[in-house]
Amino acid sequence: MADGRFATSISCMDGRIQMVLNDWIRENYRVDYVDTITAPGVDGRVARNDDLGKIIQMARISVEKHGSRLIVVSGHHDCAGNPVSADEHKVHIRSAVDAIGAWEKEHGLAGAGGDGGGNDDDAGGRIEVAGVWVGEAWAAQRIA
Ligand SMILES: [Zn+2]
């Protein structure tokens, strides 16, 4: 396992939100590093279950190899990849939180966490999934 505490961010690839999310996650969840998985308009994509294979694969690495126990999925203002209203983004973000919460069961995420026989202190720990909106002021706000 890598040294340090990791969280996982699944966000749009938009450069305006990367530092905002990285800082917010490290400050609010006391982690050292944020593994960052990006795709354009990813909140809509996860909500629609649209071609998630690579995204799930990357999340699995973060969870199983880095021990991440927090996945933050976000959407943001002025998103070119998912050009919908703020209200629609928030619907997508909440759906994405539910969908990612099911990945543990559906895709065996974290299933290999206790490869020493399941006695790791966090082997039974569920993954927390948080939904974050980055609005016009470019500040992160947890909404789910
Ligand atoms: Zn975007």
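Two strands count as paired if DSSP finds at least two bridges between them. Strands themselves are DSSP runs of E with at least two residues, helices are runs of H or I with at least four, and both are numbered from the N terminus. This is a predicted model, where local features need pLDDT of at least 70, side-chain atom pairs count only at pLDDT 80 or more, and totals for chains, interfaces and linings use all residues. Residues are numbered from 1 along each chain as its sequence is written.

**Exercise 1. In which order do the strands of the open sheet stand, and which are the edge strands?**

Step 1: Get the order. The sheet is open, has 5 strands in the order 2-1-3-4-5, and its pairing is mixed.

Step 2: Look for strands that pair on one side only. Those are strand 2 and strand 5, the edges. From one strand to the next, the twist averages 30 degrees.

Step 3: Go through some pairs. Strand 1 and strand 2 run parallel over 6 bridges, with T38 as the bridge partner of S11. Strand 3 and strand 4 are parallel too, over 7 bridges, and G75 sits opposite W133 of strand 4.

Step 4: Now find an antiparallel pair. Strand 4 and strand 5 pair that way over 3 bridges. Here V132 has R142 of strand 5 as its bridge partner, and V134 faces A140. In the hairpin they make, 5 residues lie between the strands, and W138 has a positive phi near 55 degrees.

**Exercise 2. Which residues of helix 1 are buried, and which are exposed?**

Step 1: Know the rule. A residue is buried if 20 or more other C-beta atoms lie within 10 Å of its own, exposed if 12 or fewer, and partly exposed in between, with C-beta atoms placed from the backbone.

Step 2: Apply the rule. L21, W24 and I25 are buried.

Step 3: Ask what does the covering. Contact means C-beta atoms, placed from the backbone, within 7 Å. The cover of those buried residues includes strand 1 (6-11), strand 2 (33-38), strand 3 (70-76), strand 4 (128-134) and strand 5 (140-142).

Step 4: Check the end. R30 follows helix 1, with a positive phi near 50 degrees.

**Exercise 3. How many residues of strand 1 and of strand 4 are buried?**

Step 1: Take strand 1. The count is 6 of 6, so strand 1 is largely enclosed by the rest of the structure. F6, T8 and I10 point one way, while A7, S9 and S11 point the other.

Step 2: Take strand 4. Here 6 of the 7 residues are buried, so this strand is largely enclosed as well.

**Exercise 4. Which residues have the most contacts inside the largest nonpolar core?**

Step 1: Define the core. It's a set of buried Ala, Val, Leu, Ile, Met, Phe, Trp, Tyr and Cys residues joined through C-beta atoms within 7 Å.

Step 2: Read off the answer. The largest one has 34 residues, and I10, A59, I71, V72, V73 and I100 have the most contacts inside it.

Step 3: Zoom in on V72. Leaving out residues up to four places away in sequence, V72 touches A7, T8, S9, L21, I25, A130 and V132.

Terms used
Contact = placed C-beta atoms within 7 Å. Axes fitted to C-alpha atoms, helices over the stretch in contact; angles between N-to-C directions.
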